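Subject: Handover of a structure and its findings

Dear colleague,

Please find below the structure that I am handing over to you.

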Amino acid sequence: MAAYNQIEIFQQSQKWFDQLPFEWKKWLEENLEKGCSIEQLVDVLKENGFGLTFQTSEPNFLSLSDQDQEWIIEQILNGVTSAEIVKRLVEQGLHRQQVEEYLGNLENNQLYKILKKKHHQFKKREWLIETLDQLAQLDSNYCKEIPSIPAPIFSDFIKDYYSQHRPVILKKGVEHWPALHKWTPEYFATRFGQHLVEVQMNRNKDKQFERHSPLLKQTMKMSKFVSKVMSVEASNDFYMTANNATNSHQMLQELFLDIGDFADGYSNLALKDERSFLWFGPKGTFTPLHHDLTNNMLVQIYGRKKVTLIPALQVPHLYNDHWVFSELSNTNEIDFKKYPLAKSITPVECILNAGEALFIPIGWWHSVESLDVSMSISFTNFNAPNHFVHRFPKEA
């Protein structure tokens with residue numbers, strides 16, 4: 001709502017805005033788009049000789065609640081007529097004059113015009129994404145089944161999958177890893193039992209456990225964690241995840257001696273320790289629907305996992321409400337009345353067995369469920385460009 005509040009304040013200052021030189025109007029608009037507050041910008045203008053009277057008291061129409069104002073703006077941007085908006089809000093008990101005055105001021109507001117322009121740009125890009133997805137679905141292999149092949153030479157992997165943004169299951173890429181033959185819960189307990197490790201605990205008490213993962217971190221000895229894993233038939237209540245590595249650093253350094261290059265030449269081994277991540281937990285652990293900000297290789301070392309994938313191009317239908325997460329945590333439990341756009345997604349499932357790896361392209365949505373006690377390694381240190389996170393927009 002911060003941007004909308006600035007719209008309301010800005011409406012009161014329209015007169016002096018109109019009197020600004022063109023270059024200063026452009027400067028003001030650009031900085032408003034960047035999120036600067038009007039108060040800060042007015043101070044700069046005053047320092048540059050513009051005598052401005054800036055009033056922040058609210059006119060009568062601002063008695064509309066923040067929720068009502070946000071709803072009005074969203075309806076207008078989505079093409080609902082002013083008459084229909086007035087009708088609906090009057091039926092809900094709002095005063096017609098308040099709503100009409102708000103709409104009148106809003107349509108003449110410079111900041112709102114900027115917002116409207118940006119929204120139009122967003123809708124055009126969304127149209128392009130949806131169109132590309134529809135065209136991709138003309139390929140009978142598109143998101144119907146994830147191919148499973150022996151790991152090809154690295155140049156063919158780049159040509160056919162990495163650069164084409166296509167997931168694939170790769171076999172025979174880690175047969176030379178000692179981890180594939182050594183790692184078991186018993187080995188972890190015996191070899192690393194006294195090491196303090198960081199895990200997520202009490203996940204069942206928080207429906208948003210993945211989003212709130214930093215709050216669920218606890219440290220314990222590896223031996224105790226292994227005992228918990230082996231004491232249950234299935235559970236999602238505790239899990240050692242990629243986000244729980246800070247206090248496990250010493251142990252992980254030793255563990256990662258058991259992993260190496262993937263196939264021949266896939267990995268930048270100089271970055272192995274900092275871009276490899278351990279996942280260990282009981283049958284039943286579940287990572288809800290999300291996408292990553294890098295290309296990832298998920299290597300199954302022990303047990304099996306089921307991965308559900310959704311093409312990145314279907315993001316307009318995935319209710320991406322915060323960072324890399326969706327309001328749809330599990331594709332098997334979608335309320336289509338509440339989330340009608342989700343009818344257009346095409347999830348595909350695959351089973352990852354020990355010794356197999358799944359290439360998950362950047363932006364592809366996925367959820368992961370352990371079908372057994374499971375140990376996995378994910379890595380991002382490909383011998384190819386994979387640093388795109390710095391351009392990912394920050395949350396408002």
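Basis and confidence

This is a predicted model, in which local features need a pLDDT of at least 70 and side-chain atom pairs count only at pLDDT 80 or more, while totals for chains, interfaces and linings use all residues. Residues are numbered from 1 along each chain as its sequence is written, and side-chain values use heavy atoms, with hydrogens and water left out.

Helices (H or I, at least four residues) and strands (E, at least two) are DSSP runs, numbered from the N terminus. Strand β12 covers residues 365–370, and five of its six residues are buried (under 20% relative accessible area, with exposed over 50% and partly exposed in between, for a 1.4 Å probe and protein chains only). Two strands pair if DSSP finds at least two bridges between them. Strand β7 (residues 286–290) runs antiparallel to β12 and is joined to it by three bridges; F286 has E369 in β12 as its bridge partner. Strand β9 (residues 305–310) also pairs with β12 in the antiparallel sense, over six bridges, and here L309 stands opposite H366.

Two buried residues

M375 belongs to strand β13 (residues 374–379). Is M375 buried or exposed? M375 is buried, because its relative accessible area is 0%. Although M375 and F280 are 95 residues apart in sequence, their C-alpha atoms are 4.6 Å apart in space.

E198 is found in strand β3 (residues 196–201). E198 counts as buried because its relative accessibility is 6%. Beyond its neighbours within four places in sequence, the contacts of E198 include K217, Q218, T219, M240, N243 and N244.

Two residues with positive phi

H165 is a residue other than glycine, yet its phi is positive, near 65°. H165 sits in the loop between α9 (154–162) and β2 (168–171), and it is partly exposed, with a relative accessible area of 30%. N202 is not a glycine either, and has a positive phi of about 60°. N202 lies in the loop between β3 and β4 (217–221) and is partly exposed, at 29% relative accessible area.

Cavities and a pocket

On a 1 Å grid over the protein atoms alone, a cavity is a set of points where a 1.4 Å probe fits but cannot get out, and a pocket is an open set with protein on both sides within 12 Å along at least five of seven lines; lining residues have an atom within 4 Å of a point. Grid points are joined across faces, edges and corners, and a volume is the space filled by probe spheres set on the points.

How many cavities of 30 Å³ or more are there? The count comes to two. The largest cavity has a volume of about 50 Å³, and its lining includes W177, I259, K272 and F379. The second largest cavity, of about 30 Å³, has M240, N244, L252 and F277 among its lining residues. That lining has six nonpolar residues (Ala, Val, Leu, Ile, Met, Phe, Trp, Tyr, Cys and Pro), two polar and no charged ones (Asp, Glu, Lys and Arg count as charged, and the others, Gly among them, as polar).

The second largest pocket has a volume of about 830 Å³. Of its 32 lining residues, N243, D292, L293, T294 and N296 lie nearest its centre. The largest share of this lining, three residues, comes from β8.

Yours sincerely

How values were computed: Contact means heavy atoms within 4.5 Å.
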